[in-house]
Amino acid sequence: MKKNIIYKGFGTKCIHDYENTLVNPPHILPIYPSSSFTFEHLEDCISVFQSEKSGHVYSRYGNPTVEAVANKIASLEQTDPTKEIWGFMTSSGMSAIFVLLQSLLKPGDAILSPYQLYGGSTELFTKTFHRQQIDLYLTDFTDLNQIEEQVRSNNIKVIYFETPTNPTLFCFDIAEIVKIAHQYDVKVVVDNTFSTPYLQTPFQFGVDYIIHSSTKYLNGHGNSISGIILGREGDADKAIIVQNLKLIGAICSPFEAWLIYNGLKTLELRVQRQCDNAMTIANHFLNHPKINTVFYPGLPSHSTHHIAIKQMSRGFGGMLSFSLKTDSLSKVAHFIDSLVLATQAPTLGDVDTLVLHPDTSSHLRVTPEQKQKEKVDQNLVRFSIGIETCEDLIVDIEQALLNV
Ligand SMILES: *Cc1c(COP(=O)(O)O)cnc(C)c1O
């Protein structure tokens, strides 16, 4: 409102303006739930729109709360102070994957991934991307020769993978995969959701992009859905990725971003405790008579432990799976149902311990062939270990195992 005109109408007073009483900055990042940002003069508006001046215009193009959180996550993934990392938050982990790959690929191009892939990513590639004539090839990522063979014989433009994988925690050698990819001008994208930058920083091993479902460990409290796309400054494709994100509008809301901001403060404490708890539990149940296999990358018995030690710097994460020794789904169900501390919920990375039966939930739509490669079957139970007192978790799992 122009300051020199006094409006007296009740309705006008109700609707217009607020008095900005802020003098000194708040301690905590404010939430800016404003769809647009105002200008005093048209001249300012023009120069911001033309990117001559920095400023905010419209929250789909950029919001101060969301940008602050994106920049913080980018700084966590940055290991080399001379190599800037940028980040843009998205409405979910899935939209981060969609917007990024949509920007890098065109009809006729293909994605190469391991057999072990988050169920949603498999479906996105085989359904949504398939309809756009973008194909998915799957291969064994523990065999570098097979990766090279696939890259050489198909029109692979992006190598996309997670490490460790869901739910059997296979680890893949990021540095070696990047070496092969870059020989053939193929971009490498890592989904770093399971590790978080506290445990693993893929840019250090040369990847081109990282995505996260920040719904999981980065939030840590299970109270929001969001994702992030991260890349290197100077990347020629950054402009198209940002353009697509703004035009598609798959952006993170300021409130969801703010919840991540709160979660990030304790990321180190939470993940370190989850690693410690998971390692203790993995070792405790390693030779239990009711358990066939404990899948945990921190165990020397895990088939890809040697890769985990190479690239996971501070621990092996809070995810672990048990293959129970039984032929009966009802016994598996009984085990899960009788857990007291571990809650059945199809998510991960929260402060409390969660349990899931992948075969009938996250992997319901995964082909039998792929499930076999992933070692997912009826007997597999996945845990996302929380920050509870470890002895209590052990007692809980022990009593539930009596039902197997
Ligand atoms: C949950 C998850 C996703 C998808 O993220 P949303 O936030 O649910 O969209 C992608 N990758 C991994 C490894 C996940 O765990």
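Residues are termed buried under 20% relative accessible area, exposed over 50% and partly exposed in between, with a 1.4 Å probe and protein chains only. The model is predicted, so that local features require pLDDT of at least 70 and side-chain atom pairs pLDDT 80 or more, whereas totals for chains, interfaces and linings use all residues. Residues are numbered from 1 along each chain as its sequence is written, and side-chain values rest on heavy atoms, with hydrogens and water left out.

A pair of aromatic rings is described by the distance of the centres and the angle of the planes. Rings of Phe, Tyr and Trp (its six-membered ring) are paired if their centres lie within 6.5 Å; planes under 30 degrees apart are stacked, those over 60 edge-to-face and the rest tilted. On this basis the structure holds 13 aromatic pairs. The rings of W86 and F88 have centres 5.6 Å apart and planes at 50°, so this pair is tilted. W86 is buried, at 4% relative accessibility, and F88 is partly exposed, at 26%. One aromatic cluster is formed by F98, F125, F129 and Y160.

Helices (H or I, at least four residues) and strands (E, at least two) are DSSP runs numbered from the N terminus. Helix α13 (residues 329–337) has V332, F335 and I336 as its buried residues. These cover an arc of only 95° around the axis, which puts them on the same side of α13; the arc is that of the directions from the helix axis to the C-beta atoms. The face turned away from the buried side carries the exposed residues S330 and D337.

Helix α14 (residues 368–374) contains E374. E374 is buried yet has no salt bridge, the nearest side chain of opposite charge being K371, 8.7 Å away. A salt bridge here requires a side-chain nitrogen of Lys or Arg within 4 Å of a carboxyl oxygen of Asp or Glu; Lys and Arg count as positive and Asp and Glu as negative, while His and the chain ends are not counted.

Most residues other than glycine have a negative phi, and most peptide bonds are trans. The loop between β4 (156–162) and α7 (174–183) contains P164, and the peptide bond from T163 to P164 is cis, with omega near -5°. P167 is found in the loop between β4 and α7, and the peptide bond from N166 to P167 is cis, with omega near 0°. L169 also lies in this loop and has a positive phi of about 60° although it is not a glycine.
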